[in-house]
Number of protein chains: 2
Amino acid sequence: MEASVTLALSQLPYVYPAKPSCSKAYTFWPYKRRSSQPTRLHCNKMYVPGFGEASPEAKAAKNLHNFFNYIAVKIVSAQLQSYNREAHKELMEFLDRHSLNDGDKFCANMMRESSRHKNLALRIMEVRSAYCKEDFEWDSLKRVAFKMMTDSNTKLMREYVSETSPQ
Amino acid sequence: MEASVTLALSQLPYVYPAKPSCSKAYTFWPYKRRSSQPTRLHCNKMYVPGFGEASPEAKAAKNLHNFFNYIAVKIVSAQLQSYNREAHKELMEFLDRHSLNDGDKFCANMMRESSRHKNLALRIMEVRSAYCKEDFEWDSLKRVAFKMMTDSNTKLMREYVSETSPQ
C-alpha cells in the first residue's frame, strides 16, 4: 500500500497576461528575454508570463520545500522503525489521515495532535532543515537536470525520426 | 478557466525498506548519515530510505524537468499570442486535451499530432532546454529554498507557541 504524494506545481492560466515589456524581435520564433533586475531594461532572459510577483525560482523552491518535508518524514520514519516502534506506528497512523502535499500544513496539524506528535513534528522540522541545508546536493541537482534535458530532447527526436523514417 | 498542473513528486511507501547500513547512535534522535560514495563507509549524511537506485536529487531533477516544460509552454504560448494567433489557438486546444504532468509525454504526443504541432513541440523542446541551461537562476533557487525553510520553521513554532500560551 502506498500513499500518493502529489504536489501541485502550478496552475496554467488559459488567458495569458498582457504582452511582455521586452522589445520584440520579429523573427519566426522571437526570443523575449526577461530582466533579472526589473528596474533596468536589459531584456536578457525569456519572458515567463503568469508568475506575477513571484518567480519560477520561488515556485520551484516551494515545491522543493514540500519535497524536503516528505524526505524528512521518510528519514524520521526509518529512524523510528528501528528504535521506537510505538512512535513509528503513531506516525504511520497520522500519515494515513493527513496529506503530505503541503509540508507546513502537515507539521502544523501534527504539532496540535498531541504532545508526542508535537515532538515528532519538531523532529521532522529539524530534519527537513538539516537535509535542505547540509545533505541535499544542489550541484548534483543542477547537473542531473542539465543532463536529463539534453538526453530527453535527444530521445524524443530520435524516436520520432525512427518512427517516421521509411524502413 | 485554468488547467491544473499537478506533478507527482513521489510515492511514500508505508512499508519502509531494511535498516540503513550506517552505524547507529543510540540517542533519542539518532542521526543516521548516508554516504555519498557507497563504496566507502563514511556515514556523513542522513539515510533516506525508499529511493533505491535513484536519489532524492534525481527525483527533484525529474520534477524540475517537468516544470521547465511547463514554463516553456507558457513562454511559447505568450510569444504565439502576440504574433501567431492561429498557432496559439492550436496550442491552447492541444493543452485542453493533454496533461502537462509529464513533459516528455506531452512533447511526444504533440510531435505526432500534425506537422504544425511538430514544429510547436520542437520549439517547446528548444525553449525548455534554453530556459533550464541559461535563464533559470539556480543560485536563487537554493537561496530562496534556504530562506523558506528557516522562515517556515520559525512561523510554525511561533504560531504554535502563541496559540498554546496563556493570554
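The legends below walk through several close-up views of this predicted model.

View 1. Welcome to chain A, which holds five helices and one strand. Reading from the N terminus, the order of its elements is β-α-α-α-α-α. Of its 167 residues, 50% count as buried. The chain exposes about 8500 Å², and carbon and sulfur atoms supply 52% of that area. If you like to think in terms of contact order, take the contacts between residues at least 6 apart in sequence: 48% of them join residues at least 24 apart.

**View 2. Helix 2 of chain A crossing helix 4 of chain A.** Here helix 2 (residues 85-97) packs on helix 4 (residues 115-135) at an angle of about 85°, and the two axes are 11 Å apart. Angles of 65 to 115 degrees count as roughly perpendicular, so this pair in chain A is described that way. Helix 2 brings A:Ala87, A:Glu90, A:Leu91 and A:Phe94 to the crossing, where they meet A:Arg116, A:His117, A:Leu120 and A:Ile124 of helix 4. Sorted by class, this contact has five nonpolar, one polar and two charged residues.

View 3. Zoom in on helix 2 of chain A and you will find A:Glu90. Is A:Glu90 buried or exposed? Its relative accessible area is 12%, and the cut-off for buried is under 20%, so A:Glu90 counts as buried. Apart from residues up to four places away in sequence, A:Glu90 touches A:Arg116 and A:His117. Both of these partners belong to the helix 4 side of the crossing in chain A.

**View 4. Helix 3 of chain A, largely enclosed.** Seven of the nine residues of helix 3 (residues 103-111) of chain A are buried, so the rest of the structure largely encloses this helix. The buried ones are A:Gly103, A:Asp104, A:Phe106, A:Cys107, A:Ala108, A:Met110 and A:Met111. What covers them? The cover includes helix 1 (56-83), helix 2 and helix 4 of chain A, together with helix 5 (138-164) of chain B.

**View 5. Helix 3 of chain B and its cover.** In chain B, helix 3 is mostly covered, with seven of its nine residues buried. These are B:Gly103, B:Asp104, B:Phe106, B:Cys107, B:Ala108, B:Met110 and B:Met111. Their cover includes helix 5 (138-164) of chain A, along with helix 1, helix 2 (85-97) and helix 4 of chain B. At the start of the helix, a side-chain oxygen of B:Asp102 comes within 3.2 Å of the backbone nitrogen of B:Asp104.

**View 6. B:Asp104 and its polar partners in both chains.** B:Asp104 sits in helix 3 (residues 103-111) of chain B and counts as buried at 16% relative accessibility. Which side chains make polar contacts with the side chain of B:Asp104? One is A:Ser152, at 3.1 Å; another is B:His65, at 2.9 Å. Beyond its neighbours within four places in sequence, B:Asp104 is in contact with A:Ser152, A:Leu156, B:Lys62, B:His65, B:Asn66 and B:Arg128.

**View 7. B:Ala121, a buried alanine of helix 4.** B:Ala121 lies in helix 4 (residues 115-135) of chain B and is buried, its relative accessible area being 0%. Neighbours within four places in sequence aside, its contacts are B:Cys107, B:Met110 and B:Met111, which are listed among the buried residues of helix 3 of chain B.

**View 8. B:Ile71, a buried isoleucine with contacts in both chains.** B:Ile71 belongs to helix 1 (residues 56-83) of chain B and is buried, at 0% relative accessibility. Leaving out neighbours within four places in sequence, B:Ile71 is in contact with A:Val48, A:Phe51, A:Pro56 and B:Tyr131. For a sense of scale, the C-alpha atoms of B:Ile71 and B:Glu163 are separated by 40 Å, and the two residues are 92 apart along the chain.

Conventions:
Residues are numbered from 1 along each chain as its sequence is written. Chains are lettered from A and ligands numbered from 1 in the order in which they are written. This is a predicted model: local features need pLDDT of at least 70, side-chain atom pairs count only at pLDDT 80 or more; totals for chains, interfaces and linings use all residues. Side-chain values use heavy atoms; hydrogens and water are left out. Axes are lines fitted to C-alpha atoms, for helices over the stretch in contact, and angles run from 0 to 180 degrees between N-to-C directions. Helices (H or I, at least four residues) and strands (E, at least two) are DSSP runs, numbered from the N terminus. Angles under 35 degrees count as roughly parallel, over 145 as roughly antiparallel, 65 to 115 as roughly perpendicular and the rest as oblique. Contact means heavy atoms within 4.5 Å. Ala, Val, Leu, Ile, Met, Phe, Trp, Tyr, Cys and Pro count as nonpolar, Asp, Glu, Lys and Arg as charged, and the others, Gly among them, as polar. Buried means under 20% relative accessible area, exposed over 50%, partly exposed in between (1.4 Å probe, protein chains only). Accessible areas come from the Shrake-Rupley method with a 1.4 Å probe; for residues, only the protein chains shown count as cover. A polar contact is a pair of N or O atoms within 3.5 Å; within protein, one must be able to donate a hydrogen and the other to accept it, and residues adjacent in sequence count only if both atoms are side-chain atoms.
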